[in-house]
Amino acid sequence: MVEEVHFIQTIIGVGILLFAAKLMAELFLRLKLPIVLGELIAGMAIGPFALGAFLTFNGEPLLRLDSEIRVLGEIGAIVILFMAGLEMTPREFLKGGKQSLTVGTLGVIVPFFAGLFVFQFFGFDAFQAMMIATALTATSVAISIQVLSEFGKLKSPEARLIIGAAIVDDILAIAVLSVVTSLASDGGSIGQIDPLDVTITILQVLGFFAAMLIAAVILIPKVVTTQLWRAKGSVEGIATAAFFGAAALAGFFGLSPIVGAFAVGMALSTTKVFEKVESYIEKIGLIFAPLFFAIIGAQVDFRAVDFQILMFSGIVIVIAVVTKLYGCGLPAWMFLKDKAQGMRVGIGMISRGEVGLIVAGVGVSAGVLTSDVYSTIVLMVAATTIITPLWLKMEYRKEIQHKPEESRSD
């Protein structure tokens with residue numbers, strides 16, 4: 001009976017989050033604001049730490065962020081990155097490899113060392129500073145992808161660089177996180193870090209991603225084909241099994257699961273079943289994408305926030321924005337030879353994602369970070385997630401406004 005009640009609460013929670021996300025999406029569409037922003041704010045508003053706290057039945061909250069709902073959110077992220085992979089062929093990814101590697105690497109190095117220096121200056125010990133700095137490294141590419149998709153810009157040079165760099169960024173951020181968490185679990189200190197061990201860990205992670213990408217490009221087109229699968233829905237089902245399997249494999253080896261889904265998406269981007277799979281996954285994305293963003297928003301807890309936390313959060317948010325904007329934007333400007341496109345890459349890399357929240361959780365459970373610092377990191381993730389779609393929208397509006405002026409001058 002208890003299990004049945006728990007199941008009912010879970011499906012009610014999914015229904016509330018999805019309804020609220022689509023309701024706000026409609027409002028934001030009419031206000032000409034990014035839809036994804038509306039879905040995020042819907043989660044914040046209806047979440048269990050806001051209006052959701054008042055939605056009760058028989059004294060029990062209707063909306064709970066239990067493990068099942070969080071898993072659905074993770075599935076949403078996997079679906080979004082598979083969709084992004086379909087928009088980029090392996091040839092295009094490799095062609096922009098140097099650019100993506102440079103921008104993605106700087107997108108980890110600049111925030112990490114800037115954060116490490118600033119937080120030590122504010123009196124945090126070296127290990128605490130390193131934990132907070134690690135939370136600044138990863139990029140939530142799913143946010144940027146949704147905005148670029150809204151504007152039909154997924155095939156633009158800056159979009160391809162954002163996606164490629166964010167994947168590299170995510171891989172390196174996971175590698176940094178693995179080093180930091182190993183220190184936390186072993187009770188080590190920053191002085192015990194061996195640069196050679198760090199380098200080997202990062203090379204292992206990059207090597208695994210390369211191996212997964214090569215294997216996907218070789219094997220997936222041979223498995224997901226109409227020659228083998230002729231029954232209605234078989235190709236779509238096997239494609240889904242393939243990207244979920246690759247996501248699980250990536251997670252098993254310490255990578256973010258979204259990396260595996262992205263690799264399979266790229267492998268299918270040049271196959272004969274591309275249009276069939278794309279049409280199918282877009283419909284799946286209509287459900288899982290808004291659910292993902294609403295769940296991310298619902299995890300923001302404003303109850304523990306006071307003036308001191310807000311002040312420190314403001315500093316962390318400024319560091320988070322500036323380090324990605326210039327750390328990624330300037331090299332992108334050099335590669336693309338276009339200032340506007342380069343800065344859009346920097347803006348697209350600002351939003352932090354699940355890795356930031358994971359780092360915060362690891363830090364608290366290890367006894368390294370206080371609850372105040374945890375709240376600060378959560379606020380930083382929430383703020384950068386809101387800033388990115390708004391800023392990107394403004395940049396693309398400028399482009400639309402400039403084009404008529406240029407045509408009149410011609």
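The model is a predicted one.

Side chains of opposite charge can pair when their charged atoms come close. The structure holds 4 salt bridges. In one of them, lysine 22 pairs with glutamate 39, and the closest N and O atoms are 3.6 Å apart. Lysine 22 belongs to helix 1 (residues 2–30) and glutamate 39 to helix 2 (residues 35–46), so the pair ties together parts that are 17 residues apart in sequence. Lysine 22 is partly exposed, at 36% relative accessibility, whereas glutamate 39 is buried, at 4%.

Another salt bridge joins arginine 30 to glutamate 26, with 2.6 Å between the closest N and O atoms. Both residues lie in helix 1, 4 residues apart, which is about one turn of the helix. Because exposed means over 50% relative accessible area, arginine 30 counts as exposed with its 61%; glutamate 26, at 40%, is partly exposed.

A further salt bridge is formed by aspartate 169 and lysine 324, whose closest N and O atoms are 2.6 Å apart. This pair links distant parts of the chain, helix 8 (residues 157–186) and helix 13, across 155 residues. Aspartate 169 and lysine 324 are both buried.

Helix 13 also meets helix 14 (residues 339–348): their axes come within 7 Å and cross at roughly 145 degrees. Among the residues making the contact are Lys324 and Trp333 of helix 13 and Met343 and Ile347 of helix 14. The crossing is right-handed.

On the surface, Val318, Val322, Tyr326, Leu330 and Trp333 form a nonpolar patch, with about 450 Å² of accessible area together. Valine 318 is located in helix 13 (residues 307–336) and is exposed, with a relative accessible area of 51%.

Note on methods
Residues numbered from 1 in each chain as written. Predicted model: local features only at pLDDT ≥ 70, side-chain atom pairs only at ≥ 80, totals over all residues. Heavy atoms only, no water. Patch = residues over 30% accessible without salt bridge, like charges linked within 9 Å, V, L, I, M, F, W, Y side chains within 5 Å. Areas by Shrake-Rupley, 256 points an atom, 1.4 Å probe, with all protein chains shown as cover. Salt bridge = Lys/Arg side-chain N within 4 Å of Asp/Glu carboxyl O. Helix = DSSP H or I, 4+ residues; strand = E, 2+ residues; numbered from the N terminus. Buried < 20%, exposed > 50% of the residue type's maximum accessible area, 1.4 Å probe, protein only. Axes fitted to C-alpha atoms, helices over the stretch in contact; angles between N-to-C directions. Left-handed = near helix turned anticlockwise from the far one by under 90°. Contact = heavy atoms within 4.5 Å.
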